Amino acid sequence: MHSENDPIKLLQITDVHLYAMPSGTLLKMNTHEAFARVLDVVQEKENKIDLVLATGDIAQDGTVAAYEKFMNDIKVIDAPVRWIPGNHDIRDVMRDVAGNSGLCNKAEKVGNWQVVLLDSSRPNHVDGFINEEEMEFLDATLAEAEMDEEIDHCLVTLHHNPVPGSSSWMKDIGLRNDKEFLDMVKSHEIVRGVIYGHIHQDLDFKIGNIRYFCTPSTCIQFKPEVIDFALDELNPGYRRFELHRDGSIESEVIRVSGTQFKVDLTSEGY
Ligand SMILES: [Fe+2]
């Protein structure tokens, strides 16, 4: 359990791209295998985790079997897990598989922090959009947190990048209503950080007073600052956050080391 003086420890696991068949590969990388290696590193390096955020593209094929596989494998981490859909996911299947496990909960209080989880997926589209209902939920949850005497800081989570990626090919795959989202989080002074996945890379930057973090996939990695689609040779990984009582955030990306993963570096898209 979390003790008052320790920072809150959160892990982000993202873009797992599991298939129903354990032999499933994405650009020749076995995604089950890569996820298993990431979980090995988590078990080796982490303890006392307060919450795990799985930020979308949990399954590549949207099958019950892939989501069940995720639910089962993630049990090696002794912490509650919350998931949100990405562009490859099917939200209704996720909801069914989650049942009453709490996986789909959209707001979590940990210490003096409020975590808000958003659904930015648009069925059958690669790009994302936060619809009216979801935007109202965000606004209301942040407003409520600001009134809550026990809450001092908020972290907002979504799958899609709310800031354009640095590679030209990524220009049409991000959050379509990015400006509306950025204005919304900026309008609530309680927001300290925004975390996302989708573009399979490590980013850590600031806009105004808010930190933004993108986290590498547990499988294939996208190369930043290129014109056409290209994979990076970096290994799969996850991100650790330490949320302090004063609102500061420490964060680090940890990648699998000592393992050479098979991946098709010549591929021109995914
Ligand atoms: Fe992805």
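**View 1. Lys 109 and Asp 148 form a salt bridge, with their closest N and O atoms 2.9 Å apart.** The pair links distant parts of the chain, Lys 109 belonging to strand 6 and Asp 148 to the loop between helix 4 and strand 8 (153-157), 39 residues apart. Lys 109 counts as exposed, because its relative accessibility is 52%. As in every view here, the model shown is predicted.

**View 2. Arg 82 is joined to Glu 108 by a salt bridge.** The closest N and O atoms are 2.7 Å apart.

**View 3. A salt bridge connects Lys 106 with Glu 134, the closest N and O atoms lying 2.4 Å apart.** Lys 106 lies in the loop between helix 3 (91-98) and strand 6, and Glu 134 in helix 4, so the pair ties together parts 28 residues apart in sequence. Lys 106 is partly exposed at 27% relative accessibility, whereas Glu 134 is buried, at 10% relative accessible area.

**View 4. Glu 132, Glu 133, Glu 136, Asp 139, Glu 146, Glu 180 and Glu 189 form a negative surface patch.** Helix 4 (residues 132-147) supplies the largest share, five residues. Glu 133, in this helix, counts as exposed at 63% relative accessibility.

**View 5. Phe 181, Met 184 and Val 185 are buried in helix 5 (residues 178-187).** Viewed down the helix axis, the buried residues fall within an arc of 90°, so they line one face. Lys 179 and Lys 186 are exposed on the other side of helix 5.

Methods:
Residues are numbered from 1 along each chain as its sequence is written. This is a predicted model: local features need pLDDT of at least 70, side-chain atom pairs count only at pLDDT 80 or more; totals for chains, interfaces and linings use all residues. Side-chain values use heavy atoms; hydrogens and water are left out. Patches are made of residues with over 30% relative accessible area and no salt bridge: like charges are joined within 9 Å, nonpolar side chains (Val, Leu, Ile, Met, Phe, Trp, Tyr) within 5 Å. Accessible areas come from the Shrake-Rupley method with a 1.4 Å probe; for residues, only the protein chains shown count as cover. A salt bridge is a side-chain nitrogen of Lys or Arg within 4 Å of a carboxyl oxygen of Asp or Glu. Lys and Arg count as positive and Asp and Glu as negative; His and the chain ends are not counted. The place of a charge is taken as NZ of Lys, CZ of Arg, CG of Asp or CD of Glu. Helices (H or I, at least four residues) and strands (E, at least two) are DSSP runs, numbered from the N terminus. Buried means under 20% relative accessible area, exposed over 50%, partly exposed in between (1.4 Å probe, protein chains only). The arc is that of the directions from the helix axis to the C-beta atoms.
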